[in-house]
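User: I am new to this structure. Please walk me through a few of its features.

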Amino acid sequence: MHRIMIVGAGVGGTAILQLLAHSTKWQTVAVVDVREDAPGMVIARKSGIETGNDWHAFLHHTLDMVIDVTGDPSVFKELLATLPKETVLIPGEMAEILVQLLQEKDYYIQKLQSLSRRQQIIFNSIEEGMISINLEGVVTFFNQSAARITDVSIEDAIGQHIDQIMRDSSLTKVIETGITETDQELLLDTGKKIVASCIPMLDESLRQIGALAIFKDVSEVTALAEEITDLKEIKTMLEAIIQSSDDAISVVDEQGRGIVVNPAYTRITGLTPEEIIGKPATADISEGESMHLKVIDTKKPIRGVNMRLGPNKREVIVNVAPIIVKNELKGSVGVIHDVTEMRKLAHELKQAKTIIRSLESKYVFDDIIGTSDEMTLAIEQAKLAAKTPVTVFLRGESGTGKELFAHAIHSESNRHYEKFIRVNCAAIAESLLESELFGYEDGAFTGAKKGGKRGLFEEANGGSIFLDEIGELSLSTQAKLLRVLQEKEIVRVGGIKPISIDVRIIAATNVNLEKALHDHTFREDLYYRLNRMPIYVPALRNRIQDIPQLVDRLLIKLNREYGRNVTSVSPAVFQKLQSYNWPGNVRELENVIGRAMIFMPVNETELHERYLHIPAHNEGASKNSKETLNTHGTLEEKMNDFEKQIIEQALESCQHNKTKAAKMLHISIRNLYYKLEKYGIE
């Protein structure tokens, strides 16, 4: 048995440990993590596996494999240098793939179980009795109707030979001959007379694996026959069904000549009934051989054959089955599927999956990096908020990770299986924002979609909606949002009927709402409604000690995006990063690291200071702030002077291009124009 050590007992390490617990070829001999209470450590101790904080202590074991799921490049580097050559070292990325495969396996198992239960419900709901046997004549399936008709319970029937339940049945004959037996009358031991049809069961390779009997009590058949006496009417109805079917259908007789085609067949192949009926089965084939003739020859169904039909050589997939009446072959029936339509449906399904992914939250609290006191407090508050339905108000500068918190709060809440809608209030034009949020009725305005449109609040019903840059809302939109918070209902634009909704609101802003209250640009009642659970996400300059952890995580992310293998950062880089003021916060840090990696040679694995470019205007502002800052006046006046100074410097560095300046400052262009007007900047 191979021996394994797992380094890192977090989510990934725990999943790997649980995966290996069922293996008969691999034995986990040790689990290592710096945290004694890590979930993998707890499971390992319960399972009698050695645990510890230092992986060096377990090198006395003869290890065949070590799995590093710490996510720390330095740990992997040290393991690689220390472990014997005969010990295989698996990196965290590969372990992450294994975890994903494990999760996908569980998902498909659950999906398969759900499908199996659904099929069982369907089979048990039909009126006809159904019995299947294997090649040895042992009952493998027995539905509730079969139990009712035969007076034998399902538990007693499964595993018994068919002769003990239904003597003289045609099932054993079908096993021997492979030929369908239809409308066979049979007298049961209970005195009931049934009419049964027995058909062979074939696998994908057309090999017989058993037989299936479908039967009804003769009294039920008689009652049905009494209700449907006009055979001509039945024929007319069947023809109408075939003609109205969206599936293309082609039927030939026992000589292989066409007798029925429906309009869907003509639509797909381009061939009229006159060109097919009475003609050989090969008349419609452009490429390939006739499946009708093959089925007539073998008397066995054929499924999933690619062919080209008609003058336009339309690509299709055909399923063809024999028509057997009283053990006599009467012809064959083919159902034709247009590959073009199938591809269109597949494309629509792919688009639907993309939309679904966009409606889901992407991140959890483990994705939020930071151990500083400020960040720890924010995370604890967010976790508390996630367990309650309270409205959450995320405050903080642009680029601090407010949206990351919103994702995590939704993921940890009891709404995590529902939709998560994200709205940037500053990115949608003011004239469209209200209709996007609340929807509109038919004819609400010129150009409105016929029939109206659901708004984002209706789309998020049952889930959560994240309103970023909420300080950019107009007063009229604020009033409607207040109604949502107070009454749990919305009114569409142009509508009068309120629509009840159940939506958890997570709002965020990077502006000073208290000043907006003072300037009467933000409603006081809405402010107090939103501010019930404020969470302040700290700026990066207030948690400089978190930069090493953030850089480690960013290296992993950017390595995947850029195809690089940067595993370490020089001390000089950390010193320079920690001395910078970071006005753009974590977003700016990612840009700086990403730009440095782009300029690095592909073969280098350590990020050096010479590749690092940090904007000089921030450093100059910090150096000269004491000289240029107004030393008189209130705190608010000083802050306004400083903000005006930063905006002027940004405009100057961007040659007075307002769009570029807004991007540099990480604020919306609307917000920038507001500040230019506020401070009288030309």
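User: Which residue forms a salt bridge with K419?

Analyst: This is a predicted model. The closest N and O atoms of the pair are 3.2 Å apart. A salt bridge needs a distance within 4 Å, so the pair qualifies. The partner of K419 is E459.

User: How many residues apart are K419 and E459?

Analyst: K419 sits in the loop between α15 and β18. E459 belongs to helix α17. The pair links distant parts of the chain, and the separation is 40 residues.

User: Is K419 buried, partly exposed or exposed?

Analyst: The relative accessible area of K419 is 29%. Buried means under 20% and exposed means over 50%, so a value in between has its own class. K419 is partly exposed.

User: Are D546 and R543 buried or exposed?

Analyst: Their side chains meet in a salt bridge, at 3.1 Å from N to O. As for cover, D546 and R543 are both buried.

User: What is the handedness of the crossover from β1 to β2?

Analyst: Strands β1 and β2 run parallel, joined by six bridges. Between them the chain passes through helix α1, residues 11-20. This β-α-β crossover is right-handed.

User: Which helix gives the most to the nonpolar patch?

Analyst: The patch on the surface is formed by L19, M94, I97, L98 and L101. Together they have about 400 Å² of accessible area. M94, partly exposed at 41%, is found in helix α4. With four residues, the main contributor is helix α4.

Notes. Residues are numbered from 1 along each chain as its sequence is written. This is a predicted model: local features need pLDDT of at least 70, side-chain atom pairs count only at pLDDT 80 or more; totals for chains, interfaces and linings use all residues. Side-chain values use heavy atoms; hydrogens and water are left out. Two strands pair if DSSP finds at least two bridges between them. Helices (H or I, at least four residues) and strands (E, at least two) are DSSP runs, numbered from the N terminus. A crossover is right-handed if, with the strands pointing away from the viewer, the path from the first strand over the helix to the second runs clockwise. Patches are made of residues with over 30% relative accessible area and no salt bridge: like charges are joined within 9 Å, nonpolar side chains (Val, Leu, Ile, Met, Phe, Trp, Tyr) within 5 Å. Accessible areas come from the Shrake-Rupley method with a 1.4 Å probe; for residues, only the protein chains shown count as cover. Buried means under 20% relative accessible area, exposed over 50%, partly exposed in between (1.4 Å probe, protein chains only).
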